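Open the model in your viewer and keep the selection panel at hand. This tour goes stop by stop.

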Amino acid sequence: MINLILITFLFSYSWCDISEPWQLGFQDPATPIMEGIINLHHDLMFFICVISIFVSWMLARTLWHFETSQNSVASSVTHGTLIEIIWTVTPALILLVIAIPSFSLLYAMDEIIAPTITIKTIGHQWYWSYEYSDYQSEKGDSINYESYMLPEEDLVTGQFRLLEVDNNVVIPTNTHIRIIVSAADVLHSWAVPSLGVKCDAVPGRLNQTSLFIKREGIFYGQCSEICGVNHGFMPIVIEAVSIPQYVSWISNKLEG
């Protein structure tokens, strides 16, 4: 019984870094940007609920009190200056209140803060390739590799169908990282929900986004732009590790 309670407790407090069956909410955030997105969503839901309840209440009262049997003589009033001012000014004030945190978050998402690491991401039909151009081997070669989805027959217990890849993107935690995104053939989109990032990959154009991951973990994403028959088979796996582990991984890659 104690073991069951312990397992239930640990499961209840485990991170949700992947979509779950019948999930309605967000995945757990791992970056300040995703935390801001979730907080803004919750704030907006307050306004949406209040407005929905008020409008529903007004509609119900109108249908009840002005139904033919209760109000056989229709009103001749066609304009009301005061009420028109109220229903014009009130939504404007609500939008103004919403705009302040919305613009703040929007500018934060677009800002690149002195990146320590730059990773170039290229979308292909139907896989991703990555290049760590900040590091070079003795031969002058940078770290680059391709990332393909693992076929179902190669999966082991605990891995997720259609989401696992043969080469993860390894990045350190608590580090400002710039992701440069482009495509080699058609439009793609590099998106990872837990990190709050979604950047279009456009052939012939370099787009950029930033990451600052606050905790270790494995985060899953997928291409979010219809790019052909195998669009649903080019997942993204981000493995966030400590800085010593990242340095060890980079060293092994350069030596290999």
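**Stop one: a strand pair**

Select V181 and look across to N207 in β8, which stands opposite. Strands here are DSSP runs (E, at least two residues) and helices are DSSP runs too (H or I, at least four), numbered from the N terminus. The model is predicted: local features need pLDDT of at least 70, side-chain atom pairs count only at pLDDT 80 or more, and totals for chains, interfaces and linings use all residues. Residues are numbered from 1 along each chain as its sequence is written, and side-chain values use heavy atoms, with hydrogens and water left out.

Now show β5 (residues 177-183) with β8: the two run antiparallel, joined by 5 bridges. Strands pair if DSSP finds at least two bridges between them. Colour β8 (residues 207-211) by face. N207, T209 and L211 make up the covered face; Q208 and S210 make up the uncovered one.

**Stop two: helix α4**

Select residues 243-255, helix α4. The expected span is 1.5 Å times one less than the number of residues.

Pick Y246, W249 and I250: they are buried (under 20% relative accessible area; exposed is over 50%, partly exposed in between; 1.4 Å probe, protein chains only). Look down the axis of α4: the buried residues fall within an arc of 100°, so they line one face. The arc is taken from the directions from the helix axis to the C-beta atoms. On the other side of α4, P244 and E255 are exposed.

What do the buried residues of α4 pack against? Show β1 (117-124), β2 (127-136), β3 (142-147), β4 (169-172) and β10 (235-241). Contact means heavy atoms within 4.5 Å.

**Stop three: the aromatic cluster**

Select Y130, Y132, Y135, Y145, Y246 and W249, which ring pairs link into a cluster. Rings of Phe, Tyr and Trp (its six-membered ring) pair if their centres lie within 6.5 Å; planes under 30 degrees apart count as stacked, over 60 as edge-to-face and the rest as tilted.

Zoom in on Y145, buried at 9% relative accessibility. The rings of Y145 and W249 have centres 6.3 Å apart and planes at 80°, so the pair is edge-to-face. Y145 lies in β3 and W249 in α4, so the pair ties together parts 104 residues apart in sequence.

**Last stop: cysteines**

How many disulfides does a search of the whole structure find? The count is 0 (a disulfide is a pair of cysteine sulfur atoms within 2.5 Å). Select C227: the nearest cysteine sulfur, that of C223, is 3.9 Å away.
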